[in-house]
Amino acid sequence: MTTTANLTARQRFNHAVRCQPVDRAPMWLMRQAGRALPEYRKLKEKWTFVQLCQNPELAVEVTLQPIRRFGFDAAILFSDILVIPEAMGQKYHFKETGGVQMDFAVTSKADIEKLSVEHVVERLNYVEQALKMLRKELGDQTALLGFTGSPWTLATFMMEGASVPKYGRALQLFREDKQTFFALLEKLTAAVTVYLKMQIATGIDALQIFDSHGGHLAPTEFQEASGRWTNQIIASLGGKVPVIHFSLGTHGNWPDLIASGANILGIDWQTDLAEARKIIPAHIAMQGNLSPVLLAEATPKAVAAETNKVLETMRGRPGHIFNLGHGLTPAAKLENIQALVDTVKNFK
Ligand code: CP3
């Protein structure tokens, strides 16, 4: 018989992602590493964002900061989805005024041909080092998550060459020149696959695929432009670790997401959790879905009340990982994060 007494955070997380019994929902927050924490901002006085990502000791430190302060059940590596295009030859930096800027945009067949898959794992050696150090540091106590961007979401950034209000170029290429679009997505799929295999070999407990721009596609386009590529990646990982699929604005695509091979589906904050619970089969775990803006704009009392609603909606459903329904924003208040954490820990 499985007992749920005295679970470590790592065990709690690992049971929940497999829809096994737990004492309470495990929790972590998307974008918990960095941004909202004063100890992160202190490091930012000395180092740029990309330097913090590329230095394993510093990336480990930023990853551990939210674990020390809040005791989350899982740590997510401090890094970025755009380290993949960077390793393929498209350098970028974070603009302190907000957003990211790449050195050039991928706009032609020639640009796609120049992108290199061969050296991705070698160039991302700093990620490998950081994950190995984290595994040692966290030991059996706390779960460790790796991650990637989905090929589609990466393509949207690579084709604009920056954070922009509207990611139209990848959509246009998909609609007007499928052959070229597929050439880019094939390269990205190959790069993401080798990258994730490297992450898995370091001993991570699970990994998350961020398809943050999946919802920019019409439901009729989603599978061809995004879903099939992530499905291919998940299949080639061979079930070695549980895979969390997070996408934003794609609840019109539940059948595709359920069939994606992902073991856990991230539920975005605009999706009705009770409805999602009815649709998602019992063998797939669910992650989410508190509204992230609450943490910046509401009071601790309101955050506790909304956190309780999420937990109540998922009561009795094996396989719930508490999280936000999208990433923590820089304006999130520490007392609100604390209220969320206390509420999840004390939920009976
Ligand atoms: O979850 C975590 O804490 C791990 C670290 C992490 C970061 N980015 C650090 C980061 C993760 C998992 C990401 C994923 C990521 N990166 C996504 C997908 C998730 C999502 O929010 O939809 C995307 C789209 C990116 C690309 C990216 N990185 C953009 C567009 C920007 C600039 C805009 C922004 O959101 O700040 C970044 C910068 C970034 N990535 C920061 C952090 C902590 C901010 C850097 C800073 O403020 O110092």
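**Pockets, cavities and ligand**

User: How does the lining of the second largest pocket divide by residue class?
Analyst: Into eight nonpolar, four polar and five charged residues. Ala, Val, Leu, Ile, Met, Phe, Trp, Tyr, Cys and Pro count as nonpolar, Asp, Glu, Lys and Arg as charged, and the others, Gly among them, as polar. This is a predicted model, in which local features need pLDDT of at least 70 and side-chain atom pairs pLDDT 80 or more, while totals for chains, interfaces and linings use all residues. Residues are numbered from 1 along each chain as its sequence is written, and side-chain values use heavy atoms, without hydrogens and water.

User: Which residues lie nearest the centre of that second pocket?
Analyst: Val22, Arg24, Ala25, Gly316 and Arg317, out of 17 lining residues. The volume of the second largest pocket is about 350 Å³. On a 1 Å grid over the protein atoms alone, a pocket is an open set of points with protein on both sides within 12 Å along at least five of seven lines; a cavity is a set where a 1.4 Å probe fits but cannot get out; lining residues have an atom within 4 Å of a point. Points are joined across faces, edges and corners, and a volume is the space filled by probe spheres set on them.

User: And the largest pocket, what volume?
Analyst: About 1100 Å³. It has 35 lining residues, with Arg31, Arg35, Asp80, Phe94 and Leu328 closest to the centre. By class the lining has 20 nonpolar, nine polar and six charged residues. Helix H2 (residues 38-44) gives the largest share, three residues; helices (H or I, at least four residues) and strands (E, at least two) are DSSP runs numbered from the N terminus.

User: Where does the ligand sit?
Analyst: In the largest pocket, in the sense that more than half of its atoms lie within 2 Å of the grid points. The ligand is surrounded by 24 residues, the closest being Arg31, Arg35, Tyr40, Lys44 and Ser212; a residue counts if one of its heavy atoms lies within 4 Å. That shell has 14 nonpolar, six polar and four charged residues.

User: Which backbone atom lies 2.7 Å from a ligand oxygen?
Analyst: A backbone N or O atom of Arg31. Ala33 also has a backbone N or O atom 2.8 Å from an oxygen atom of the ligand, and for a polar backbone atom of Gln32 the distance to a ligand oxygen is 3.1 Å. The protein covers 89% of the 870 Å² of accessible area that the ligand has on its own (Shrake-Rupley, 1.4 Å probe).

User: Switching to cavities: how many of 30 Å³ or more?
Analyst: Two. The lining of the largest cavity includes His251, Trp254 and Asp268, and its classes are three nonpolar, six polar and one charged.

User: Which helix gives the most to the lining of the second largest cavity?
Analyst: H3, with three residues. Helix H3 (49-54) and helix H5 (83-88) each supply at least two. Val50, Glu86 and Tyr126 are among the lining residues, which divide into five nonpolar, one polar and one charged.

User: Backbone now. Which peptide bond is cis?
Analyst: Gly288 to Asn289, with omega near -10°. Asn289 lies in strand E8 (residues 285-290). Cys19, in the loop between helix H1 (9-17) and H2, has a positive phi of about 60° and is not a glycine. Most residues other than glycine have a negative phi, and most peptide bonds are trans.

Technical notes:
Polar contact = N/O pair within 3.5 Å; in protein donor to acceptor, adjacent residues only side chain to side chain.
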